[in-house]
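I opened this model to look up two things.

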Amino acid sequence: MTGIKATGERKLMLFSGRGHRELAEDVAGRLGTGVTPAELKDFANGEIYARYEESVRGCDAFVLQAHTAPINHRIMEQLIMVDALKRASAERITVVAPFFGYARQDKKHRGREPVSARLMADLFTAAGADRLMVVDLHTAQIQGFFDGPVDHLHAMPLLADHVARLVGSSELTIVAPDAGRVRVAERWTDRAGCALAIIHKRRDPSRPSEISVQDVVGEIAGRTCVIVDDMIDTGGTIVRAAEALAARGAAEIIAAATHGVFSGDAAERLAASAVSRLIITDTLPLPPGFHFDDLTVLSISPLVARAIREVFTDGSVTTLFEGES
Ligand code: R5P
């Protein structure tokens, strides 16, 4: 039997999809439990089957899944796992999605577009989720799309403490690569006591992967610049930002992001860029074969495990909200 019993009959059980088993094992180890055995498989036509190998009746269930490639399959698997828990009488179900997929489509930029982040929240509600736990949502207001509690955790303190061990604050400039990251960058500079720079980034609405840097505001020349972002996907945002910083005389350029998505040829683009160091967390597994010469992957599992423990014991998750955007 896996799981931890609190006072009374409540039992914490951790479940893992196939997206990032290593992270789930790490979180389970920190909680002093195991990942509950489950049968997860694909039928020949791609449909997913899930069944737990022990009773989940009355448990406080935490279902961890990485929304990683193939992302729609991984999300569907988590939905099916939640449905199976609901139908097997789990008492409370928390969806743990350290990287919450579709968060970038959080509003209609143009007519006839979806609001996919809202749809995601509705899907998890329909499946039976009572609570969401996420790390660095693309925008904090997505919390309002879900009617239950959302534990929105932040990786900034983890990233900032790591950078502080590498670079002194007097030579450091934290760079927001677009308007969406200004709040996080401000909180980082407040914490580190260093300078802030802001990039004015634009995307062509009809070609969203095309990025151009319009301007940079802040002290760059001769400084170690850390570009901070929620995610690196194709690498376009970071590469363009790094070009702009290099053109303005930055001494060194570091990229720090919570989620390393690294789609397509991101590795090649980053390797050919002015970025010398890459710092991410392990909310997502690295894509097979991904390589960057100076890559640091920080573990998010202590934060996630602590948050799960606080939720389970009715403690305070607010104490983990330092760095909230
Ligand atoms: C955009 O607003 C996000 O915060 C990221 O900057 C963006 O999604 C990163 O994607 P890419 O690496 O493809 O530029």
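How far does a polar side-chain atom of threonine 237 lie from an oxygen atom of the ligand? I read 2.6 Å for that pair. I keep in mind that this is a predicted model.

Entry: Aspartate 229 has a side-chain N or O atom 2.5 Å from a ligand oxygen. For arginine 104, a polar side-chain atom is 2.9 Å from an oxygen atom of the ligand. I then checked the cover. The ligand taken alone exposes 370 Å², and the protein buries 92% of that.

**Entry: the shell.** I find 16 residues around the ligand. Asp229, Asp230, Thr234, Gly235 and Thr237 are the closest. By class, I note eight charged, five polar and three nonpolar residues in the shell. Strand S10 (195-204), strand S12 (224-232) and helix H6 (236-247) each give two or more residues to it. S12 has the largest share, with four residues.

**Entry: domains.** I took the domain assignment next. Domain 1 covers 4-154 + 301-319, and domain 2 covers 156-298. Their centres, taken over C-alpha atoms, are 28 Å apart. The contact draws 15 residues from domain 1 and 15 residues from domain 2.

**Entry: domain interface.** I read about 1,300 Å² as the area buried between domain 1 and domain 2. Carbon and sulfur atoms give 56% of that area.

Note on methods. Residues are numbered from 1 along each chain as its sequence is written. This is a predicted model: local features need pLDDT of at least 70, side-chain atom pairs count only at pLDDT 80 or more; totals for chains, interfaces and linings use all residues. Side-chain values use heavy atoms; hydrogens and water are left out. A residue is near a molecule or strand if one of its heavy atoms lies within 4 Å of it. A polar contact is a pair of N or O atoms within 3.5 Å; within protein, one must be able to donate a hydrogen and the other to accept it, and residues adjacent in sequence count only if both atoms are side-chain atoms. Accessible areas come from the Shrake-Rupley method with a 1.4 Å probe; for residues, only the protein chains shown count as cover. Ala, Val, Leu, Ile, Met, Phe, Trp, Tyr, Cys and Pro count as nonpolar, Asp, Glu, Lys and Arg as charged, and the others, Gly among them, as polar. Domain bounds come from an automatic or database domain assignment. Contact means heavy atoms within 4.5 Å. Buried area is the accessible area (1.4 Å probe) that two parts lose on being put together, summed over both.
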